[in-house]
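Welcome, and please open your viewer. We will begin with the whole chain and then select a few residues, stop by stop.

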Amino acid sequence: MQINTDYLLGILPELVTYLPVVLFIAVLSFILAVAAGISFAVVIERKVPILYPLLLVALSFLRGVPALVQIFILYFGLPQVMPALSAMSAMVAVIIALSLRTAAYLAEVFRSALLAVDQGQFEAALSVSMTRRQAYWKVIFPQAARIALPPAGTFFILILKDTSLAFTIGVVDMFAQAKIMAAASYNFLESYLAVGLIYWLLTAVFTYCQSRIERWVSQPYQRN
C-alpha cells in the first residue's frame, strides 16, 4: 500500500481553512484557564474557608477524569439536571471543559511559582514604602510569571491538541472535516496524516515562540 501524496497535499488547503476554529478554541480556553487557575491558586494558598475543601475535591475530579469524559458530562449530562444548560452550544461546552481541566493543573503551577519567589523580596518591598498591592504587582508577580511561563506554555500546547476532541460533540473543526473527507474518499491514512502534520507544525511554531518569549523575559535576570 502506498500513500497518496497528491491527495494528502491536495486536502491540506481545505483543512487549513478550519484552523481559525482550532485557534479560537485553544486561545480562549487558555485565557479562561489562566484566569481560573490564578483564582484557584489564591483560594488554595489562603485556605479560604468552605471554598478550600470544596475546591480540592473539584480539582481532584478535573485532574483525574479524561478530557473527553468531562466534555460529555458537560454537554450531554448536566443538561439533564440543569435544563437551562440545554441551550449551551457544543463549542461553548468544549471551551468550558478544556478551560476547567487546564485550570486545575495551572492552579498548582501558579501556586508553586508564587512560593518559589523569596519571601524576603516581599518584605524588602514593604520596607521601601510599597503597599502590599504594589509589592505583589511590581515585585512578586513578575518573578512568579517568569517561573510559571514554561509549564503554562506547555499546557497551552496540550489544549491546542485537545481541541481535536471537539468533533465528538458536533463541532466542525479540522479533525471533523478530515473525518468527513476520509469517509468520502476512503483515504483514511492520508486524511488523518494531513491533520497530524498541521498539528505538528502548529506545535513546533508555538514551541519556538515560547522559547523566544522565555529568553526575552529572562534577560533582566541574566548576568553579563
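**Stop 1: the whole chain.** Start with everything shown as cartoon, and keep in mind that this is a predicted model. Among contacts between residues at least 6 apart in sequence, 75% join residues at least 24 apart. Colour by secondary structure and you will find nine helices and zero strands, so the order from the N terminus is simply α-α-α-α-α-α-α-α-α. Turn the model along its principal axes: the C-alpha atoms fill a box of roughly 70 × 55 × 25 Å.

**Stop 2: the surface.** Of its 224 residues, 36% count as buried. If you colour by charge, look for 14 positive and 10 negative side chains; the centres of these two sets lie 13 Å apart.

**Stop 3: a nonpolar patch.** Select Ile-3, Leu-189, Leu-193, Leu-197 and Trp-200, and show their side chains. Together these residues make a nonpolar surface patch of about 480 Å². Centre the view on Leu-197, which belongs to helix α9 (residues 188-218). Is Leu-197 buried, partly exposed or exposed? With a relative accessible area of 34%, Leu-197 is partly exposed.

**Stop 4: the salt bridges.** Clear the selection and pick Glu-45, Glu-108 and Arg-111. Side chains of opposite charge can pair when their charged atoms come close. The structure holds two salt bridges, and these three residues are linked in a network of them.

Begin with Glu-45 and Arg-111, whose closest N and O atoms are 3.8 Å apart. That distance counts as a salt bridge because the cut-off is within 4 Å.

Glu-45 is partly exposed at 37% relative accessible area, Glu-108 is partly exposed at 30%, and Arg-111 is partly exposed at 22%.

Definitions and conventions: Residues are numbered from 1 along each chain as its sequence is written. This is a predicted model: local features need pLDDT of at least 70, side-chain atom pairs count only at pLDDT 80 or more; totals for chains, interfaces and linings use all residues. Side-chain values use heavy atoms; hydrogens and water are left out. Helices (H or I, at least four residues) and strands (E, at least two) are DSSP runs, numbered from the N terminus. Buried means under 20% relative accessible area, exposed over 50%, partly exposed in between (1.4 Å probe, protein chains only). Contact means heavy atoms within 4.5 Å. Lys and Arg count as positive and Asp and Glu as negative; His and the chain ends are not counted. The place of a charge is taken as NZ of Lys, CZ of Arg, CG of Asp or CD of Glu. Patches are made of residues with over 30% relative accessible area and no salt bridge: like charges are joined within 9 Å, nonpolar side chains (Val, Leu, Ile, Met, Phe, Trp, Tyr) within 5 Å. Accessible areas come from the Shrake-Rupley method with a 1.4 Å probe; for residues, only the protein chains shown count as cover.
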